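Subject: Structure handover

Hello,

Here is the structure we spoke about, with its sequence. My notes on what turned up follow below it.

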Amino acid sequence: MSVIVEVMPKPEILDPQGQAVLNALHRLGFTEVRGVRQGKRFELDVDADVDPEVLRRVSDAAATLLANPVIEEHVVHTGESVHAKETDRA
Amino acid sequence: MTDSVSTAAQTPDVEQPWAELGLKADEYATIREHLGRRPTSCELAMYSVMWSEHCSYKSSKVHLRQFGEKAPQTDALLVGIGENAGVVDVGDGYAVTFKVESHNHPSYVEPHQGAATGVGGIVRDILAMGARPIGVMDPLRFGPLDAPDTRRVLPGVVAGVGSYGNCLGLPNIGGEVVFDPSYAGNPLVNALCVGVMKHDDIQSSGATGVGNLVVLYGAKTGGDGIGGVSVLASETFTDSGPTKRPSVQVGDPFTEKLLIECTLELFRDDVVVAIQDLGGAGLSCATSEMASGGTGGMQVALDKVPLRDSTLAPEEILMSESQERMMAIVEPAKIEAFMAVCERWDVLATVLGEVTDTGRLVVTWHGETVVDVPPRTVAHEGPVYSRPYHRPGWQDALQADEPTPQRLARPTSPTDLRDTVLRMAAAPNLADKEWVTEQYDRFVLGNTVLAQPEDSGVLRIDEQTGLGVALSTDCNGRYAKLDPYEGARLALAESYRNVAAVGARPLAVTNCLNFGSPEDPEVMWQFAEATRGLADACLELGVPVTGGNVSFYNQTGDTAILPTPVVGVLGVIDDVTRRTPQAFTTPGQVVYLLGETRDEFGGSEWAHEVHQHLGGRPPRCDLDAERALGEILIHASRDGLVDAAHDLSDGGLAQALVESCLRGNIGVRVWVPDGLDPFVFLFSESQARAVVAVPRSEEVRFTDMCTARRFPHQRIGVLDDGDPDTGPVIDVQGQFAVALEQLRELRTRRLPDAMA
Amino acid sequence: MRVGIVTFPGSLDDRDAARAVRYAGGQAVPLWHGDEDLSGVDAVVLPGGFSYGDYLRCGAIARFAPVMAAVVDRARAGMPVLGICNGFQILCEAHLLPGALMRNDRQTFVCRDQALTVANATTAWTSGYQEGQRIVVPLKSGEGGYVAPEATLDALEGEGRVVVRYAGSNPNGSLRDIAGITSENGRVVGLMPHPEHAIDALTGPGTDGLGFFSSVLASAVSA
């Protein structure tokens, strides 16, 4: 189990990268996609059992370092690493 | 189960995948002879990669010898061919090292990373010579501008070059952007780096001193660039193990920036005996080359290599091309000081082993010996091929297809001439390249005196004295296709001319020879001719080749790229404040055309752009004239006789005038000399020519100098602001006038429109 | 006057900032990111570059370097601080200045001789200019787009805290064409363009940038 922090640009912030991705998707034929916002996902491998206290501390870390509150929002939750989903790992 | 030396000795008949690794049967047999047994899988991996074309130069060695054999006598050369890069004395105790290298195939696969790691690699080469890197240049070649794949490759390559170089804090001072159908599928990404040091700072790469420590420092080792070697790894794996091994190397410029600062501090503190960067073939190359070059032997424990991926097999670790790594030889008494510097810069450093005098390179893996070879056989005694070559059957017909007026319709009316000027100015190869060059930092380090689109990049080396260097890279692949011997000479001529144009004295040469498959006798002929041409030309002009790079196999199926011998020339300028820029700026100054103009359109940009024609002979190469022109430009610069100078090359005089006028935002009134056809005057690509802007106060002194040297010179124009209504124009008297604004608009939109 | 120039891992224009200080007649003092001591300098420059490789966000990690605690303290006490490019990003991350810098709207790095107008000639770093003066200073960045909430932008404008504005075309999408701003007390200034590269016509577009460095030397005298 990891702690996952997802950071996204605030809705009112212009996201030119998301826009560029949207244009590219449309060029590739994925015209049903109406919007794209691009953000970051952090996977934290924590040294203890993940309880509400740990989540609160990670949230502090997110607000202080992982996200810039001027332009970004974040959510914190438990979850699995993307890597763990690969089936051919020993 | 590790394939150790003892296992190999006991199991001589094991089938080994030498063919899959690119070795020939006779090469495999030679390896067995060298070792007196079959190679271990680690040894097989090592030999296969070090004996590959890329690392051993096996197809090119016999031809490259000429650069040494025909090297002109010069006192300026401090380190010649054979080291990481050549080193040239530029005066005042300063030495400059420079080299150009290719990273072509990776840039087709992954443009951003391919280009970025190309920059990273050449910078480390310069660093390994003991120099602080001070600038980069990037000669780039792509398929047609409007081809869909160019939209994929070009922006990625430019972003890669920019992001890596900018993050390292190295100004990009020049390069090329060339488009031709033959490069579609085979883009050429050549990267040049230049560095400066004092004479005493020159570092060597031989591992000397028995008992001295072998230290690996920089980034951790991962699976970058392993690709095909995994076939070996699977030999030694049992059930568990990774299934994916990336072929592409991924670079981190921040790590390299730390590596540069850390390394320069190690040099300053004098704690390094020898140093080598890890490039192609990674640890295999560094260990075998360093061991060969020094006391003769080395012992290394491979399991001490810090890994990013703990599942890597020893074969893979030896082959890994993970970036941002260096190897140093350090006396035991100085290792603590060495480690302290690395720690200050947060750079990982690990002692792997020591220098020996056994004449063997021995590598162990958890106590078992997996490599025990004579290092010279790996690094320096690889196969040498004399590949067959013959002149292509189509060469005569190609050369006979001259671009005569009967063959290719020429513009004759003033309107047609005017239209041609506009069309040519916006041609992909001639259009404004700011879309590319704006992505490069040209200011960092605060010593950039001239940068693209100037004829050469000029960097100041000494703030007190104004001593500086100038660099240019050039090649016209179309000329080289028409005649590879002449084409190579013309590439040197152009680069030499570009350096002289800014007022610098050419000193030395580097080259990046980009060709198709050496297994194709026609391509091999092109290579043989080009190297012969370049070697002959260097001797004639008195500038030696100090080092370079060969890139073969640039072809898709049967279609090879244009033979593209890129030549880089380094020059020195005593006082950078006297350099001659390209821009025309001052109304009333007189424009002179230096050199002779003939009807020469073979391989010209006009024939290519307007008629898609390639045929005939390239323009005549006259190195005596180039030397004479160079002398004039250098003296004129030093004595302040000219305010601006621009060499003539692709696109001829029209292009030079367009560029110099636009750059200074001033117009010119030009007249066609008597007896010269206007079309030839404007678009011929005769060589050994330049245009200069001469202040009237200097005109007599300038023309006297040209006359005394018996060099052709013609007064062809006067700079003119134009009137307030129309703005500045290029006015070819009796023919047509074209507004600068119209030219600027067309030229600056060409690339951005294509990349949108 | 002693002007400290901080070197973070990855700083690039620290040497150039030092040269600019010297050209202006001051004494440039190198400061190491890991030291908490400011060596008694009278002003600090946070230079351009890619501190910590621009990892996470530009300036996000540098802002927590040991040296920054002292820089923030002394800045709050009135010491002049100039943040150039990456330095501006660090000042915003450290909340010494409002807003944030984002990726250029054109998506690519841009290096050009940029025309600017001086909007505030009373700060510690711009007192040597005239309000409305047009200057040309190199801009070279990939993440130069200044953004802030509307209320913040209005406050900055209302209080005259915009220091330099892009003239001609906006190169990176910065809101209100803002190229540089100042703190409430006018002592901390951050800007994206690089004045240290406009101190010598030999190596730059002119000498328009020197004023930033000579201004602060003059302000030390009058402080």
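How many helices and strands does the secondary structure of chain B come to? The count is 26 helices and 28 strands. Please keep in mind that this is a predicted model.

Chain B as a whole

The radius of gyration of chain B is 27 Å, and the globule rule gives 27 Å for 756 residues, so chain B is as compact as a globular protein of that length. Its C-alpha trace spans about 90 × 55 × 50 Å along the principal axes. Of the 756 residues in chain B, 61% are buried. If we take the contacts in chain B with a separation of 6 or more, 85% of them are between residues 24 or more positions apart.

Domains of chain B

Chain B is divided into domain 1 (1-69), domain 2 (70-200 + 393-755) and domain 3 (211-356). The centres of domain 1 of chain B and domain 3 of chain B, taken over C-alpha atoms, are separated by 21 Å. These two domains touch, and the contact takes 15 residues from domain 1 of chain B and 15 residues from domain 3 of chain B.

Which helices of chain B supply at least two residues each of the side of domain 1 that touches domain 3? They are α3 (41-50) and α4 (53-56) of chain B. The largest share comes from α3(B), with seven residues. By class, this side of domain 1 of chain B has ten nonpolar, three polar and two charged residues.

Contacts of chain C

Chain C touches chain B as well as chain A. With chain B, 23 residues of chain C are in contact with 24 residues of chain B. On the chain C side, α1 (14-23), β6 (110-118) and β7 (134-141) each supply at least two residues. The classes on that side of chain C are nine nonpolar, eight polar and six charged residues.

The side of chain C that touches chain A divides into four nonpolar, two polar and four charged residues.

Where to start

After that, turn to α1, β6 and β7 of chain C, on the side that touches chain B.

Regards

Notes:
Residues are numbered from 1 along each chain as its sequence is written. Chains are lettered from A and ligands numbered from 1 in the order in which they are written. This is a predicted model: local features need pLDDT of at least 70, side-chain atom pairs count only at pLDDT 80 or more; totals for chains, interfaces and linings use all residues. Two residues are in contact if their C-beta atoms, placed from the backbone, lie within 7 Å. Helices (H or I, at least four residues) and strands (E, at least two) are DSSP runs, numbered from the N terminus. Ala, Val, Leu, Ile, Met, Phe, Trp, Tyr, Cys and Pro count as nonpolar, Asp, Glu, Lys and Arg as charged, and the others, Gly among them, as polar. Domain bounds come from an automatic or database domain assignment. The radius of gyration is taken over C-alpha atoms; the globule rule is 2.2 Å times the number of residues to the power 0.38. A residue is buried if 20 or more other C-beta atoms lie within 10 Å of its own, exposed if 12 or fewer, and partly exposed in between; C-beta atoms are placed from the backbone.
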